[in-house]
Amino acid sequence: MTRLIIILLSIALLSCTKPQESDSTTTENSTTADTALLDMTDLQLDSLVLPDGFSIALYGRVENARSMAISPSGVLYVGNRGGDKVYALKDNNGDFQADEIFVLATGMRMPNGVAFKDVDLYVAEVSKLWKFPAVESNLSAPVKELIYDDYPTDGHHGWKYIAFGPDGKLYVPVGAPCNICESKDEIYASITRMNADGSDREIYVSGVRNTVGFTWHPETGDLYFTDNGRDMMGDEIPPCELNRVTEKGQHFGYPYCHGGDIKDPEFGDKRSCDEFVAPAQKLGAHVAPLGIKFNTGSMFPSQYANLAFIAEHGSWNRSSEAGHTGHKITTVKVEDGQGVAYEDFITGFLNKATNTAWGRPVDVLFLKDGSMLISDDLTGSIYRVTYTGS
């Protein structure tokens, strides 16, 4: 309960946090074998329901664990939305549990997004992008370089997920600055991309309300992204979305059309749903899908090969009678660019009897051995999912 109170207080104080402008970065000394990294307090892993043969364990804990990126050497980088820090976790003895934590930066504004390329770490604040060059040469006292500072400063849907695509470009979304609105600036409700040095930014696709997770299909190379549906249309509509990009310039409907066929009550008369790209898969209403990865590893059984694993953060905009949705890990099977099966993989973060959640999944990431990491910002935890057979 103490950890939860601290997290909620951090979120309440978020509006007072200012980004750090200096090239130097405030750090804290790491603690080897820090017992807090593996503290099981408030975790209810025994309440989680996984398919037969799968198990889940704690990998490590950091406050408000959000987006994740991993380097070739196995250092795990974790972003933060409710606070102001960026973390690095090291598993020094190879037992798949974190032994050492580094605070790479403080004083940042919602540094949710992290990405790793070559030897450099990239971090996204609301309006800025930073590079930590050769970060693993000095995790205790890294430096950072500002590579871009011209994104909108709006806090509403301002936190960012970032990733490098197969083309070597850095992809950066810009959420809508509202629940539902037409924006005069085309940068809103888009996914942008740029070179790794911050040059040549362009809008890649539009009509994207708020994506906090995307990845590329391992066979086709197409970009797939989750998108959070609008609020205040009822308990059961509109659906959240999994979308597929096949070419630059595509529009995915926001704010005019939701789920491919639902006209918005405020803006739907202005344009037809036929003008836009329909979802590859309609997801549950208000489930808040965030992180997504395709499984290409060899640990999970063959029926899980190339499935999209999605972290559903969970609803807030539903009546108490309807109850919450999401708060789980789901999978989508994709064939010819379209979802053909949408199923639960891990449930139990939400107690349906009491309509309360003890955990909220944010991001998923696969390790070299084929196991899967899941971040949970409510408990500040990272879990590891393995398959050992039934």
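Analyst: What follows describes the sheet and then the salt bridges that involve its strands and loops. The model is a predicted one, and in it four strands form an open sheet in the order β10-β11-β12-β13, with antiparallel pairing. The edges are held by β10 (163–164) and β13 (202–206), each of which pairs on one side only. Strand β12, residues 190–194, pairs with β13 in the antiparallel sense over four bridges, and serine 190 has serine 206 in β13 as its bridge partner.

Arginine 193 lies in strand β12, while aspartate 167 sits in the loop between β10 and β11 (170–174), 26 residues apart from it; the two form a salt bridge whose closest N and O atoms are 3.1 Å apart. Aspartate 167 has a relative accessible area of 39%, so this residue counts as partly exposed, whereas arginine 193, at 14%, is buried. Both belong to a network of salt bridges that also links Glu202 and Lys248.

A further salt bridge joins glutamate 182 to lysine 270, with the closest N and O atoms 2.6 Å apart. Glutamate 182 is in the loop between β11 and β12, and lysine 270, 88 residues apart from it, is in the loop between β18 (262–263) and β19 (281–285). Glutamate 182 is partly exposed at 36% relative accessibility, and lysine 270 is exposed at 53%.

How values were computed:
Residues are numbered from 1 along each chain as its sequence is written. This is a predicted model: local features need pLDDT of at least 70, side-chain atom pairs count only at pLDDT 80 or more; totals for chains, interfaces and linings use all residues. Side-chain values use heavy atoms; hydrogens and water are left out. Two strands pair if DSSP finds at least two bridges between them. Helices (H or I, at least four residues) and strands (E, at least two) are DSSP runs, numbered from the N terminus. A salt bridge is a side-chain nitrogen of Lys or Arg within 4 Å of a carboxyl oxygen of Asp or Glu. Buried means under 20% relative accessible area, exposed over 50%, partly exposed in between (1.4 Å probe, protein chains only).
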